[in-house]
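The following paragraphs guide the reader through a structure, from its chains to single residues. Please keep the sequence and the model in view while reading.

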Amino acid sequence: MTEHSKYQRFIPHIYLALAIFIIIFPIYVVFVASTLTSADILAAPMPLKPGIHGVENYTRALLEGSENMGAPALTMIKNSLIMALGISVGKIIISLLAAYAIVFFDFRLRKFCFWSIFITLMLPVQVRIMPTYKVISDLGMLNTYAGLILPMVVSATAVFLFRQFFMTIPKEIVEASQIDGAGPMTFFFKILIPMTKTPIAAMFVIQFIFGWNQYLWPLLITTKEKYYTLLIGINRMLSGADVQIEWQIVMATTLLALIPPVVVVMIMQKQFVTGMTDTEK
Amino acid sequence: MVKQYEFSNKELPYLLVLPQMIVVFVFFFWPAGQAIWQSFFIQDAFGGRLIFVGIENYAKLFADPAYWDSFGVSTLFAVLVAFFSMTIALFLAVQANKKIRLASFYKTMLIWPYAVATMVAGVLWLFLFNPNVGIIAWTLKHKFGVEWNHLLDTGHALTLITIAASWKQIAYNFVFFLAGLQSVPAALIEAAAIDGADNKKQFWHIIFPLITPTSFFLLVMNLVYAFFETFPIIHQVTAGGPGQSTSILVYKVWRDGVVNLDLGGSASQSVVLMILVITLTIVQFRFIERKVNY
């Protein structure tokens, strides 16, 4: 190997390492801040070496929360989890059913249903914010889990992904199950769902992250601390004057909000990448 | 399209699509219809009755310089975010796609920030740039003589939200660019190398044209992201300020509706945004059709 190509082989490592540094740095600083005392942080510049108050800060964040906001992180983790699981599982179930109907049945409103679902792509929550709020409030769903979850469970992308996948299933398999006397629902549960495992897993990763990271919607409809999700709680802790902010608690809570979706992506990276590039293209 | 085997049941399919349809109509069509309907009304001074005013809300909206400012800053912000997050992601994808050691480690490390909430990205950078406690703000002040304050300085505010929004979006673009690069046939690149094309030429004459579809798709997705999904960053980091200088369209629609309770005004803004999303979606789908033929 010549000197020149050795040098050329080394360069990408420098760029990539630099990029990773830029990605990690803010999170490292947040981690350090979550192990310091409030005084350490306020006496800027804060140290860049972790302190010894980590256990104390995380215990307080989890069980009590910060002084200007009563909800402990444990409650908020529960709420975020209920919302994320409700949205992702809900989306998968109703999308599987809808895609099944659209692909395997010939019915009069088939086209109409398909296009209705398609159009939802063009109506993100940001553009129908006030009226959706009103619908939820009329239904008495403000400050409820149903209110947090239901308006978010429609997913055109999930329906499209499952539809695409269903269309590739060989006719012979369906016919064989018919000959064996299986009805449509038996076929659905016993044969189709097990075959669809991979797309379901991919969808789950993407939608869990989507659900966990929701912000605008919970900001609108949760006014009781009991129903705050982590992101809303962090926003509330940060409102008010700088001196009143207990940065170490906020930073501990921020890391708690960051870790679950990141862990999901890291564990299921392969499904996640195929899921993303399959649905959005 | 291959036709799938079809069951003969007549009622079952309706039962199957019912849950999806209920949600679509109750939480999508009904509110969207309401937004369009309300955009033609104002609420009287006592907050009860709706008065039909025709297109007055729209006329007022488009005559309002603040709305055009919001349009302007949204566009600037979207272009900046798309530019930085796409060029950086493409550059990194090219590096990570080389046959180097640790390539899969690098890929994982560059993909996971996708999972970080937009709101959390805002908080991370807000903490670094906080004028009182932020470590970068402190460094800028004491080492470079820059008095950082994004709550007073529009340029600082715009810079900060651009950094936070781009930082978060790089991972998304990276995933797609990497997939695009991996689909470029190695034989083509080898042939070019044999013909004496250096790295630069290989990239601009062979790789770049082949990933144009990916780039175009990402451009649309990044614009949609910057226009619609960066609300949490604006809300948390600048609150639209200083003044209204970083009040992008989605922030303004929320503020006018939820904070200022201007239902008609907020509804007409919603309708304008709807038209914007529809346009972007159509552009994207027309492009995908073209790509399939090609």
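A residue is called buried if 20 or more other C-beta atoms lie within 10 Å of its own, exposed if 12 or fewer do, and partly exposed in between. By this rule B:Ala239, with 15 other C-beta atoms within 10 Å, is partly exposed. The model is a predicted one, and confidence in it is therefore part of the description. For chain A the mean pLDDT is 87, and 96% of the residues reach 70 or more. Among the elements of chain A, helix 4 of chain A has the highest mean pLDDT (94), whereas helix 15 of chain A, residues 269-279, has the lowest (78). Where pLDDT is low, the predicted coordinates should not be read in detail.

Chain A has 15 helices and zero strands. Its C-alpha atoms occupy a box of roughly 75 × 70 × 35 Å along the principal axes. The radius of gyration of chain A is 24 Å, whereas a compact globule of 281 residues would have one near 19 Å. Of the 281 residues of chain A, 47% count as buried. Among contacts in chain A with a separation of 6 or more, 73% join residues 24 or more positions apart.

Chain B contains 13 helices and two strands. Chain B is more spread out than a compact globule, because its radius of gyration of 24 Å is well over the 19 Å that the globule rule gives for 294 residues. Along the principal axes, the C-alpha atoms of chain B fill a box of roughly 75 × 75 × 30 Å. Of the 294 residues in chain B, 42% are counted as buried. Residues 24 or more positions apart make up 67% of the contacts in chain B with a separation of 6 or more.

How do the chains meet? In the model, 75 residues of chain B are in contact with 78 residues of chain A. On the side of chain B that touches chain A, helix 1 of chain B gives the most, with 19 residues. This side of chain B consists of 58 nonpolar, 14 polar and three charged residues.

The largest nonpolar core has 168 residues, of which A:Ala98, A:Tyr100, B:Trp125, B:Ala164 and B:Phe174 touch the most other members. Helix 4 of chain A supplies the largest share of this core, 16 residues. If residues up to four places away in sequence are left out, A:Tyr100 touches A:Phe166, A:Phe188, A:Leu192 and B:Leu16.

Two of those partners, A:Phe188 and A:Leu192, are among the buried residues of helix 10 of chain A, residues 184-195, together with A:Pro184 and A:Phe187. Which part of the helix do these buried residues line? They line one face of helix 10 of chain A, because they fall within an arc of 95° when seen down the helix axis. An α-helix has 3.6 residues a turn, so residues three or four places apart point the same way. On the other side of helix 10 of chain A, A:Phe189, A:Lys190 and A:Pro194 are exposed. The cover over the buried residues of helix 10 of chain A includes helix 4 (73-104) and helix 9 (171-179) of chain A, as well as helix 1 (12-38) of chain B.

The loops of chain B hold several local features.

B:Gln244 is found in the loop between helix 11 (231-238) and helix 12 (249-259) of chain B. B:Gln244 counts as partly exposed because it has 14 C-beta neighbours inside 10 Å. Residues up to four places away in sequence aside, B:Gln244 touches B:Ala66 and B:Asp69. From C-alpha to C-alpha, B:Gln244 and B:Leu160 are 15 Å apart in space, and they are 84 residues apart in sequence.

Another loop of chain B, between helix 3 (65-96) and helix 4 (103-111), holds B:Leu102. B:Leu102 is not a glycine, although its phi is positive, at about 65°. With 13 C-beta neighbours inside 10 Å, B:Leu102 counts as partly exposed.

How values were computed
Residues numbered from 1 in each chain as written. Chains lettered and ligands numbered in written order. Predicted model: local features only at pLDDT ≥ 70, side-chain atom pairs only at ≥ 80, totals over all residues. Helix = DSSP H or I, 4+ residues; strand = E, 2+ residues; numbered from the N terminus. Rg over C-alpha atoms; globule rule 2.2 N^0.38 Å. Contact = placed C-beta atoms within 7 Å. Arc of directions from axis to C-beta. Nonpolar A, V, L, I, M, F, W, Y, C, P; charged D, E, K, R; others polar. Core = buried A, V, L, I, M, F, W, Y, C linked by C-beta atoms within 7 Å. pLDDT = per-residue confidence, 0-100.
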